[in-house]
There are 2 protein chains.
Amino acid sequence: MQIDDVATALFRERGYAATSVREIARALDLRGASLYAHVASKEDVLWSIVDRTAARFEDAADAAARAEGSAAGRLTGLVRGHVGVIMEDPGAAVVFVHEWRQLNGRRRADVLARRDRYEARVRDLIRAGVDSGEFEPGDPVLTATFILSALNGIATWYRPDGRSSPEMIADTYTNLALRAARVASLEEAR
Amino acid sequence: MQIDDVATALFRERGYAATSVREIARALDLRGASLYAHVASKEDVLWSIVDRTAARFEDAADAAARAEGSAAGRLTGLVRGHVGVIMEDPGAAVVFVHEWRQLNGRRRADVLARRDRYEARVRDLIRAGVDSGEFEPGDPVLTATFILSALNGIATWYRPDGRSSPEMIADTYTNLALRAARVASLEEAR
């Protein structure tokens with residue numbers, strides 16, 4: 001995991017394309033290990049970060065889905081879980097969101113399919129809430145995208161020593177997301 | 001502007017740090033012009049894109065601020081203007097949002113100050129809505145950040161030939177943002 005942590009910091013700061021395997025190895029050497037031989041390919045490292053982060057989002061969503069209750073309640077759980085995964089490792093979340101497209105072939109296809117499935121879970125919860133009368137009819141695709149973009153933004157600005165505690169951010173963002181989901185009727189926008 | 005357009009496409013695809021002046025010049029040559037001499041510094045090109053995009057967001061917000069009416073009405077105008085600027089040139093918006101931190105010295109400080117002022121406009125409209133009773137009390141900083149992250153996300157997924165028309169996206173996103181702004185009380189999240 002040390003390789004992943006060092007690479008995450010470099011990818012986040014400089015971008016994946018501008019970071020070389022040599023730089024990752026050098027950053028590891030500075031920490032006292034000579035791990036150049038272990039960093040086979042830059043894409044392997046990116047894949048390790050992206051795959052692990054995707055799995056953490058999926059695990060959190062699975063946990064939320066196991067809860068009983070209303071669509072609003074399950075969406076609350078999913079949003080809270082998503083925010084928690086980001087705040088636990090904002091660097092990995094930034095690299096995941098900004099750099100997954102740099103993967104090639106089957107790895108890129110794998111992440112794309114998993115992203116689609118994840119977004120579909122959010123859309124399906126919104127649709128379920130519309131069907132149950134909890135949310136007003138709207139466009140579940142745009143609503144889910146709106147909410148996930150807002151949540152993913154946390155990865156770019158969150159600092160553990162910032163003005164808002166993790167609990168405050170999670171509470172407020174969950175509330176904002178749920179309020180947005182309750183509605184998307186075009187009539188109200190006009 | 002041709003240099004900016006070519007550079008925007010390269011910066012968006014590969015990232016600023018991984019794009020060389022030589023590549024920008026080569027991409028321009030391929031279009032039949034020999035403009036290598038005109039691309040003095042990569043940071044000059046990034047600055048041109050970022051400064052122009054920031055000015056477009058500011059102009060749109062100025063226009064919204066000149067409108068009379070309620071805080072909700074003025075926030076609606078600002079959100080609509082913000083979405084319009086993004087959809088008019090999503091590539092420039094992506095480069096602005098993701099790459100402005102690559103600027104140095106006074107340029108970086110300039111963009112940082114302008115971003116702060118812009119975010120303060122959103123926060124102030126939310127506060128005004130709370131004061132007037134249009135919005136419920138909450139955390140204007142987190143609410144403004146939530147909304148702007150959601151709106152900026154459009155730059156990463158919007159395609160002119162996508163499933164939703166620009167008008168539909170603008171209507172729906174404005175509605176979602178306004179609904180989120182109406183509330184941020186922690187009590188309701190629980």
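A:D110 and A:R114 pair up in a salt bridge, with 2.9 Å between the closest N and O atoms. This is a predicted model, and both residues sit in helix 6 of chain A, four residues apart, or about one turn of the helix. Chain B has a salt bridge of its own between B:D110 and B:R114, again with closest N and O atoms 2.9 Å apart.

**Salt bridges**

- Over all chains, the structure holds 26 salt bridges.
- A:D110 is partly exposed because its relative accessible area is 29%, while A:R114, at 12%, is buried.
- Over in chain B, B:D110 and B:R114 lie in helix 6 (residues 105-131), four residues apart, about one turn of the helix.
- B:D110 comes out as partly exposed at 29% relative accessibility, and B:R114 as buried with a relative accessible area of 12%.
- A:D4 and A:R52 form another salt bridge, with the closest N and O atoms 3.1 Å apart.
- A:D4 is in helix 1 of chain A and A:R52 in helix 3 (residues 42-65), so this pair ties together parts that are 48 residues apart in sequence.
- A:D4 counts as buried at 6% relative accessibility, whereas A:R52 is partly exposed at 24%.

**Aromatic pairs**

- There are 11 aromatic pairs over all chains.
- One of them joins A:Y173 and B:F146 edge-to-face, 5.0 Å centre to centre and with 75° between the planes.
- That pair crosses between chains, running from helix 8 (residues 166-181) of chain A to helix 7 (residues 140-157) of chain B.
- Both partners are tucked away: A:Y173 is buried at 0% relative accessibility, and B:F146 is buried with a relative accessible area of 0%.
- Ring pairs build a cluster out of A:F146, A:W157, A:Y173, B:F146, B:W157 and B:Y173.

**Positive surface patch**

- A:R12, A:R159, B:R101 and B:R108 make up a positive surface patch.
- A:R12 belongs to helix 1 (residues 2-14) of chain A, and at 33% relative accessibility it counts as partly exposed.

**Spans along the chains**

- A:G105 is in helix 6 (residues 105-131) of chain A and counts as exposed, since its relative accessibility is 54%.
- From A:G105 to A:G133 is 28 residues in sequence and 42 Å in space, C-alpha to C-alpha.
- B:D29 sits in helix 2 (residues 21-30) of chain B and is partly exposed at 37% relative accessibility.
- B:D29 and B:V85 are 56 residues apart along the chain, and 29 Å separates their C-alpha atoms.

Key. Residues numbered from 1 in each chain as written. Chains lettered and ligands numbered in written order. Predicted model: local features only at pLDDT ≥ 70, side-chain atom pairs only at ≥ 80, totals over all residues. Heavy atoms only, no water. Patch = residues over 30% accessible without salt bridge, like charges linked within 9 Å, V, L, I, M, F, W, Y side chains within 5 Å. Areas by Shrake-Rupley, 256 points an atom, 1.4 Å probe, with all protein chains shown as cover. Salt bridge = Lys/Arg side-chain N within 4 Å of Asp/Glu carboxyl O. Lys, Arg positive; Asp, Glu negative; His and termini not counted. Charge placed at Lys NZ, Arg CZ, Asp CG, Glu CD. Helix = DSSP H or I, 4+ residues; strand = E, 2+ residues; numbered from the N terminus. Buried < 20%, exposed > 50% of the residue type's maximum accessible area, 1.4 Å probe, protein only. Phe/Tyr/Trp six-rings, centres within 6.5 Å; stacked < 30°, edge-to-face > 60°.
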